[in-house]
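Visitor: I have not looked at this structure before. Could you walk me through it?

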Amino acid sequence: MTPVVAGLAAEGALAVVALLAALLPGRRRNLLAGTACAALAAAGAVTGALALAGGTGVVRIPTALPLPPLTLAPDALGGLFILVAGAVGVLASVYAIGYAHGASASRTQWAALAVFLLGLQAVPAAADLVSFLLAWELMAAASAVLVLADQARNPQARRAATWYTVMTHVSFLLVLAGFAVLAGTTGGTAFDVLATADPTSAAAGVAFALLALGFAAKAGVIPLHVWLPLAHPEAPSHASALMSGAMVKMGGYGLLLVTLRLLPGGPTWWAVALVALGAASALFGILQASVATDVKRLLAYSTTENVGLIVLALGVALLLRGHHAPGAASAALVACLLLVVSHAAFKATLFLGAGSILHGTGERNLDRLGGLVREMPWTAAAFGVACLGAAALPVTAGFVAEWTLLQALIHAVRPSDALVAVAVPVALAVIALTAGLALVTFVKAYGIAFLARPRSVGALAAHESPASMRAALLLGAGAVVALGLAPGPVAEVLAGAADVGGVEAVGLAGLSLTGVDAVLDPVALLALAALVAIPAVGLVITLGRRLPARREALGWGCGAARTSPRMQYTATSYAEPLMRIFDDALQPTRDVEVTHVAESRYMAERVRYLQRVEDVIEVRLYRPLVAAADAVADRARRVQNGSIHRYLAFSFAALVVVLLVVAT
Amino acid sequence: MTDVTWTTTALTLVVLLAQVVVMVALAPLVAGLTRQTRARIEGRAGPGVLQPWRDVRKLLAKRPIRAAGTSWVTVAGPVVLLVSSLLLAALVPLVAAVSLPLVPDDLFVVVSVLLLGTVALALLGLDSGSAFGGMGSSRHMTIAALVEPTVLVAVYALSIPVGSSTLSLIVTERRDDPASIASPAGVLAVVALVVVVLAETGRLPVDNPATHLELTMVHEAMVLETSGRDLAWVEVGSWLRLAVLLGLVGNLVLPWGVATELSVPAVLLGVVAIGAKVAVAAALLGAAEVGLAKLRLFRVPELLAGSFVLAFLAVTASYLVA
Amino acid sequence: MHLSEAAFSQLVALSTGTLLVTSVLFVWRRSLRAAVRLLAVQGGALALLVAAIALAEREGELLVTALIVLAVKAVAIPLVLARGLRADGAALRDEPRMNPTTGLLAVAGLTTVAYLVSRPIIDATRGVAALLAGGDAEAGPAAFAVPVGLTMVLVGFLLLVTRRRALSQMVGFLLLDNGIATVAFLTAAGVPFIVELGVSLDVLLVALILAVLSGRLAELFGAADIGRLTGLRD
């Protein structure tokens, strides 16, 4: 029994323990079930790390069906995703011990969390399509239960869960169909057999299109992202963290599986399609995030952006690989995996932080927050670090990932063909605009929520979270910084997982992209910064001692009134310039209602301003679809008149047709 | 590493630190020279080139007042801005186009350090809890976001002939091949960068550094609640950032005189050269600002889109030559 | 006088670069006066381009063509348009149908398109040149000019489609004409100067007629917004 097999077995055993713990009555359930779930996730993380380090192992589970046994045999790439899912799982489980309460601490919810964790880790471990699809469905069903946590009190949760379930099943059906096409052409179900398909054949093209769409739906790539901004805000925060930090990555894993392992060397249009999808998602996602005011909705749209960047990086890697720029191609692939890892770290931390805000203030709306840095210093610190990561500023994980992607792009050799010549500058411009808007988004999220003065009673009465939540937050923030400080070893491991070269660790833990001749050593950068900062900060402190001390006074209120917190900029007003600039893309609806004073219509008594931004894609694409489906369903109702005889007649007719089909 | 590379690294470090000192000394003079040029052209006597130095001395002696309800960001923000500007002065090739082996003056790193300062200033504005702070911060970040595509695409255009995004390599390459400076791609990219520098440092026509009209200001709105030495750090940090970026543009347009070896005469020549270039750039900036009016905030995207198109054309043009 | 290879390519780069940037500026600026000034600059750049070719290939006839281009495109037409502008009297700004930011991004897109479609043309001219020279030939000035000329044609069309005022329409048309001239001079190894003379005079005539017409339009309707011409049907 290899260590990997032992790890997989331990996962199974711990899943049973977690399920049992979830059934415990009373208050101890949170602690025990949470610990068991964390252990399950940790076992997964260890197993993933082993597989990533080159360990192998095969687990065969016989079934009653006339199919080959279900096979779990993680390779290095799968190991990476198991590790990511496990690490995020540990954070979420530890966090949930303190966070879960009321409906989200029920037996069902804890059991669903355990099943979700198991499913998440089984997807990248699967080595044949039947076990892959089973794990996929396990993951999808359990997460749908998690989204439904608050359904008894909150009708929004029910609506979100409906959207999520429908979209996730569309994704499942597409993936199923794609795999079916591949299995049909190769005559097997194991991935090794599927990999024998000819990637240039028409069948492979169809399979790629189906699989890419299916995985894109899971990953939250536009236009299949609509479930993300609905489901993330309604799910309990630890579940959102898991869904955004780990589950959407499985969509990314699926794309990597298809393009690297099953159908390597596909035609160029695959790469172009991925670049286009990724670029559109990144821009659309961050644009919506920059004007969002619900903090979890903001994070959900930012997930669409990050996943877009991941898909874009993968597309660029495939494009350059096909056009003889191997150095830049492998750098792009490493960037893709770095984006996966860094996004898992900072987005999980951000969702956990959002949960802490909700826990401490009862508010999710940025317009009603403010000044939390005083009452919630730990949450503020962790959320701040994660915001730096999401805005891709040094020295965090996000910065390293984006730097690698940019280096890959500018070193895409002087292109001999027009496609690369057009795709590279456009991709660069899209990434740049995305990065700029991400900066606004996260300055807004942090500045409005944590700085300035409280904008509501809830924010005024904020309190810090319990220890388990703080621990998870700090662990997450630590991961964001650690990944940013030591990109060299991390990137080496990732390059190994993707089976490419061109990456080397230099200096203390710096990253050298040998294929494109670029070096980044965050520790050395930090040392240089310290060298110039120490004299400066020393000067600041000595002067601060010798010069007069600070005095507090009222802020400037235009010389008249005292300032009230209502005079501050809110998240909505902060994003107003962007809203006006990107008016055509966002299409907000505005309503101004002026009530005049009775005596004169020149004097306004009250002005009411209402602005709403809806998802353009949801409004333009899905509403007509849903309406059409409703209309068809209405018409279909005519065949249904309540007569048992008619229903039996339908079955009878169906039976006859089936018999006829079988006979011919 | 061998002894030789150790000595080179140590020497490089010394030169870079000297560069920081030179730039810190130059920064207030740059601000002063800009204002003085402008004053003279407008027919005023002007306060003299040394006025910013006197301003800093005055601010340092004053008792800082902070608005009630502000957090540690109000104290730390100015220092972060100052440190990011200092780091910028160490990274960008100004006096000498040399770089440390582990910390090359990679343009993407330079841009991110610049953005770190931008973010510190924006958070400072938000922390003040007044309407103005938030307004300035919001506008500042919006402009920063829209500038980003131009910066990166212009960087890309500059990096194509060299095959690297390392600034010192770009500068030396341009010095060795002067034809590339006058090439359409080179000119377009530099023009785009100039617009970016104006936007990032809050100069006309994007922001009016001399305004105190609440509704039009961007930078001044953010620092409205900052006073005393806190304001001094913000001002020095902003001036330093202006001086460094002007110096960078100067070195891209006239890459001569930059020290490429680690000898005392070369470095001294580099100091003189960068002083001259920055002075010329500052005087030109001051002269240009006389004839410019501030754009409406919602016309700024047009300016930035225009500069983006120039940068994009630079990329296209450099492919055409290939 | 003979021009060295390096100086020639520098001159071509300078003039085509100017042509490209001025075309972008047409979309950027709303002021009609600026548009007229830009036309003058563009005419000058075109003349410079023709003169550079004339010097490089030592053709006196082309030099004359350059002078004609300079006289008509850089001096006469802008003068006529400036007069028209004064006669028009209404606001000097055009309110385009497309906001300038979108317009500028559209220009970036159009440049890309021009660059993409001109690749085969460049390759073809290179092939012909190689055939004639009996070896491999440099891409030559055509490599600069074809995409730039094509961009000018496309941007000219963009102006025609998106601008409201009759004078801006004229500007768009002239830009289009300049684009065609740029491509013609560099790919077909020059245009016979009699042809160029005829075309230039035609264009001048069109400019005159349109300037007069827009003046009349302004008198009749108050402003030469051609959107209102739809009211003339039936």
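Visitor: What percentage of the residues in chain A are buried?
Guide: This is a predicted model, so the answer is computed from predicted atoms. Chain A has 664 residues. The buried share of them is 58%.

Visitor: Why does the radius of gyration of chain A agree with that of a compact globule?
Guide: A compact globule with 664 residues would have a radius of gyration near 26 Å. The two agree because chain A has a value of 26 Å.

Visitor: How many helices and strands are there in chain A?
Guide: The C-alpha trace of chain A spans about 95 × 70 × 60 Å along its principal axes. Of the contacts with a separation of 6 or more, 78% link residues 24 or more positions apart. Chain A holds 26 helices and eight strands.

Visitor: Which strands are at the edges of the open sheet of three strands in chain A?
Guide: The order is β3-β4-β5 (chain A), with antiparallel pairing. An edge strand here pairs on one side only. The edge strands are β3 (503–506) and β5 (518–520) of chain A.

Visitor: What is the bridge partner of A:E504 in β4(A)?
Guide: β3(A) pairs with β4(A), residues 510–513, over four antiparallel bridges. One of the residues involved, A:V503, has A:L513 as its partner. For A:E504 the partner is A:S512.

Visitor: Which residue has a positive phi in the turn between β4(A) and β5(A)?
Guide: Three bridges join these antiparallel strands, and A:L513 has A:A518 as its partner in β5(A). The hairpin leaves four residues between β4(A) and β5(A). With a positive phi of about 60°, the turn residue is A:D517.

Visitor: Are the faces of β4(A) covered or uncovered?
Guide: In a regular strand, side chains alternate between the two faces of the sheet. On one side of β4(A), A:G510 and A:S512 are buried. On the other, A:L511 and A:L513 are buried. Both faces are covered.

Visitor: Which helix lies across β3, β4 and β5 of chain A?
Guide: This helix covers residues 487–498 of chain A. The angle to β3(A) is about 155°. The helix is α20.

Visitor: Which helix has the lowest mean pLDDT among the elements of chain C?
Guide: The mean pLDDT of chain C is 75, and 68% of its residues reach 70 or more. Among its elements, helix α2 (residues 32–57) has the highest mean, 86. The lowest, 68, belongs to residues 193–221, helix α7 of chain C.

Definitions and conventions: Residues numbered from 1 in each chain as written. Chains lettered and ligands numbered in written order. Predicted model: local features only at pLDDT ≥ 70, side-chain atom pairs only at ≥ 80, totals over all residues. Pairing = 2+ DSSP bridges. Helix = DSSP H or I, 4+ residues; strand = E, 2+ residues; numbered from the N terminus. Contact = placed C-beta atoms within 7 Å. Axes fitted to C-alpha atoms, helices over the stretch in contact; angles between N-to-C directions. pLDDT = per-residue confidence, 0-100. Rg over C-alpha atoms; globule rule 2.2 N^0.38 Å. Buried ≥ 20, exposed ≤ 12 C-beta atoms within 10 Å, placed from the backbone.
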